[in-house]
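My entries follow in the order in which I looked things up.

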Amino acid sequence: MRYLILSDIHGNLEGLEAVLADADGQYDEILNCGDAVGYGPDPNAVVAFCRDRCAVSIRGNHDKASAGIGDPEWFNPVAQASIMWTTEKLTQQNLDWVRALPSGPVCVGGFFDLVHGSPADEDEYILDGESAMAAASCATSNLTFFGHTHIQGGWEIVRQSLRPVRNDRFSVERDLGYLVNPGSVGQPRDGDARAGYALYDPEERQVEYRRVSYDVQKTHRKILEAGLPEVLGLRLYRGR
Ligand code: ZN
């Protein structure tokens, strides 16, 4: 079984479609590490995709907030505005589906985990060595895919030390631990505006980080037409 691993799609249909075209034929199942909605102009289309096509989806902080779980006060004003807009736009069926999403960690196939933030806390960010080490100590399997930061990359954990794994492709060694962020499909924040995702082949023990360009202008235009804050379109050009 080969996996296409997605995270932080954030209602960006153009980014998602570009990823699916780029990865075509290279996976058997799709997994989603959360934040299908929020920020982007196509929450219903993205939720319908996740519902119909993803073998496993977990919830992210924007999914939760859009479904009325938790306190939206935690978010900055731009994020809050997009969450309110998303809640209003989601159909009842899609809202119900988002509300019922499980929190991570969810174990896939008995051998690796999906989380949104970190294995310890779905809302926590794994941003640096320190937070990665803390997350690794709570991980319940050797390989954990996470999202939330919108930064593609990860860490290999060798005993008590970490090694960044940011090559395009790397091998998952049997006895080591891994925290891997596939990148954000819909709102990358690592300075690369292209949509990010990962492919994982457990038989070959290979993870591959991928990037693909998409029609940012079109998504930007939709954001403006939807009346969402313009900054949400502008940041897509910078990937920040
Ligand atoms: Zn996110």
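This is a predicted model: local features need pLDDT of at least 70, side-chain atom pairs count only at pLDDT 80 or more; totals for chains, interfaces and linings use all residues.

**Entry 1. The zinc ion.** Which residues coordinate the zinc ion? I listed Asp-8 (OD), His-10 (NE2), Asp-35 (OD) and His-150 (NE2), at 2.1 to 2.4 Å. In sequence I read the spacing of these donor residues as D-x1-H-x24-D-x114-H. I placed Asp-8 in the loop between β1 (3-6) and α1 (13-23), and Asp-35 in the loop between β2 (29-32) and α2 (43-53); the pair therefore ties together parts that are 27 residues apart in sequence. For the geometry, I noted angles of 85 to 178° among the 4 donor atoms, and the site is classed as irregular.

**Entry 2. The nonpolar core.** I turned next to the largest nonpolar core, which has 41 residues. Leu-4, Leu-6 and Leu-16 have the most contacts inside this core. The elements that give two or more residues to it are β1, α1, α2, α4 (77-89), α5 (92-99), β11, α7 (216-226) and α8 (231-238). Which element gives the largest share of this core? I found that it is α1, with 6 residues.

**Entry 3. The largest pocket.** I recorded a volume of about 360 Å³ for the largest pocket. Of its 21 lining residues, Asn-61, Trp-74, Phe-75, Tyr-125 and His-148 are the closest to the centre. Helix α3 (residues 61-66) gives the most to this lining, with 4 residues. By class, I noted 8 nonpolar, 7 polar and 6 charged residues in the lining.

**Entry 4. The second largest pocket.** I recorded about 160 Å³ of space in the second largest pocket. Its lining consists of Arg-2, Tyr-3, Gln-26, Arg-169, Leu-199, Tyr-200, Asp-201, Glu-204, Gln-206 and Glu-208. Two or more of these residues come from each of β11 (195-201) and β12 (206-212). Strand β11 gives the most to this lining, with 3 residues. By class, I noted 3 nonpolar, 2 polar and 5 charged residues in the lining of the second largest pocket.

How values were computed. Residues are numbered from 1 along each chain as its sequence is written. Side-chain values use heavy atoms; hydrogens and water are left out. On a 1 Å grid over the protein atoms alone, a cavity is a set of points where a 1.4 Å probe fits but cannot get out, and a pocket is an open set with protein on both sides within 12 Å along at least five of seven lines; lining residues have an atom within 4 Å of a point. Grid points are joined across faces, edges and corners, and a volume is the space filled by probe spheres set on the points. Ala, Val, Leu, Ile, Met, Phe, Trp, Tyr, Cys and Pro count as nonpolar, Asp, Glu, Lys and Arg as charged, and the others, Gly among them, as polar. Donors are N, O and S atoms within 2.8 Å of the metal (3.2 Å for Na, K and Ca); water is not among the atoms, so sites may look incomplete. Four donors count as tetrahedral if all angles lie between 85 and 135 degrees; four count as square planar and six as octahedral if opposite donors are over 155 degrees apart and all others between 65 and 115; anything else is irregular. A nonpolar core is a set of buried Ala, Val, Leu, Ile, Met, Phe, Trp, Tyr and Cys residues joined through side-chain atoms within 4.5 Å. Buried means under 20% relative accessible area, exposed over 50%, partly exposed in between (1.4 Å probe, protein chains only).
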